[in-house]
Amino acid sequence: MYIQEIQVEIKSKADKDEIFEEMSFLTHYYRGNGQSQGRIESQYIAGSKIICLPFTLEKDSLDRKYNNFYTDRQREKIEQLCDTKIQIKTVGKTCETYNSACNCKKSDFYILITNYITIESPICCGTCHQSVPLYRLPKYADHGYAPILSWESNYISCDTLQMNCEVGERWASNQMEDLKSTLTKQGLKICRTLESLTHTPVYYYLHNYSKYKGDELSRTCPGCNSNWGLQAPLHDRYDFKCDQCRLVSTLSGFS
Ligand SMILES: [Zn+2]
Ligand SMILES: [Zn+2]
């Protein structure tokens with residue numbers, strides 16, 4: 001992933017703390033538009049400058065051409081308050097070999113997937129298995145992707161409870177494993193909406209922990225009850241795929 005530096009030098013009489021807060025809103029809007037990843041950027045005051053270091057999937061993720069109504073409006077607001085232009089430059093990468101996000105001209109399908117630790121996009125390309133920057137997809141709602149990010153943070157919350165073990169572990173696991181859970185329903189609704197927006201199949205990743213014992217690959221799809229075990233894992237990761245229900249899953253590793 002790339003790390004960007006968003007910098008504004010206050011050349012007016014504007015209060016630093018106020019600009020600091022306005023900058024937080026800007027990164028919030030970038031996130032809502034899929035232009036930055038995670039909520040873990042550093043932001044600080046250095047002399048008369050406010051500097052923020054968000055993560056992005058592409059080198060030019062913060063380019064104006066990807067901006068939406070909210071990011072444009074917030075950027076202009078800060079520039080007016082500070083009486084100067086915001087400067088953005090790429091300052092580094094998180095991994096030497098990182099090249100880019102999905103570059104496919106047309107993905108065969110997408111997968112809605114995340115976990116407690118990742119800050120990748122919750123939409124993964126089924127063709128190259130790389131992250132798909134949300135801003136490359138048609139707008140989902142209100143100029144951005146808030147409902148997808150809402151599912152993402154719900155899923156991450158459940159996965160965190162499951163990982164931490166002590167509080168609500170079983171409830172959280174069920175949310176991730178059960179086709180009829182509130183979390184799964186929220187995710188499936190996003191899949192169906194994205195399909196109608198992109199005319200591309202969108203699969204939902206259904207978590208699989210230790211419920212199924214024995215010959216796991218012979219278990220059937222929880223949606224339509226047909227065989228969905230794959231002969232060879234897809235992208236070295238998915239062991240189950242149902243094209244009718246558009247679900248993917250993995251072996252639990254406990255069989
Ligand atoms: Zn791709
Ligand atoms: Zn099925």
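Trainee: How many salt bridges are there between domain 1 and domain 2?

Mentor: Two. Keep in mind that this is a predicted model.

Trainee: Which side chains meet in a salt bridge at 3.0 Å, N to O?

Mentor: E58 and R136. Their side chains pair at that distance.

Trainee: And polar contacts? How many residue pairs between the two domains?

Mentor: Ten residue pairs are in polar contact between domain 1 and domain 2, both residues at pLDDT 80 or more.

Trainee: Which elements supply the side of domain 1 that touches domain 2?

Mentor: α1 (16-32), β2 (37-46) and α2 (69-82) each supply at least two residues. β2 gives the most, with three residues.

Trainee: Back up a step. Where do the domains run?

Mentor: The domain assignment puts domain 1 at 2-93 and domain 2 at 110-249. Taken over C-alpha atoms, their centres are 31 Å apart.

Trainee: How many residues are in contact?

Mentor: 16 residues of domain 1 contact 17 residues of domain 2.

Trainee: What area do they bury between them?

Mentor: About 1,300 Å², with 55% of it on carbon and sulfur atoms. On the domain 1 side, R31, L57 and Y66 lose the most area to domain 2. Together they make up 30% of what that side buries.

Trainee: Why quote area at all?

Mentor: Because the size of an interface is often given as the accessible area lost when the parts come together.

Trainee: New topic: aromatics. How many pairs in the whole structure?

Mentor: A search finds nine aromatic pairs. One of them is Y29 with Y70.

Trainee: Is that pair stacked or edge-to-face?

Mentor: Stacked. The centres are 5.6 Å apart, with 20° between the planes. The cut-off for stacked is planes under 30 degrees apart, so this pair qualifies.

Trainee: Where do the two sit in the chain?

Mentor: Y29 is in helix α1 and Y70 in helix α2. They are 41 residues apart, so the pair links distant parts of the chain.

Trainee: What else does Y70 touch?

Mentor: Leaving out residues up to four places away in sequence, Y70 touches Y29, D142 and H143.

Trainee: And L188, how far is that from Y70?

Mentor: Their C-alpha atoms are separated by 27 Å. Along the chain, Y70 and L188 are 118 residues apart.

Note on methods: Residues are numbered from 1 along each chain as its sequence is written. Chains are lettered from A and ligands numbered from 1 in the order in which they are written. This is a predicted model: local features need pLDDT of at least 70, side-chain atom pairs count only at pLDDT 80 or more; totals for chains, interfaces and linings use all residues. Side-chain values use heavy atoms; hydrogens and water are left out. Domain bounds come from an automatic or database domain assignment. Contact means heavy atoms within 4.5 Å. Buried area is the accessible area (1.4 Å probe) that two parts lose on being put together, summed over both. A salt bridge is a side-chain nitrogen of Lys or Arg within 4 Å of a carboxyl oxygen of Asp or Glu. A polar contact is a pair of N or O atoms within 3.5 Å; within protein, one must be able to donate a hydrogen and the other to accept it, and residues adjacent in sequence count only if both atoms are side-chain atoms. Helices (H or I, at least four residues) and strands (E, at least two) are DSSP runs, numbered from the N terminus. Rings of Phe, Tyr and Trp (its six-membered ring) pair if their centres lie within 6.5 Å; planes under 30 degrees apart count as stacked, over 60 as edge-to-face and the rest as tilted.
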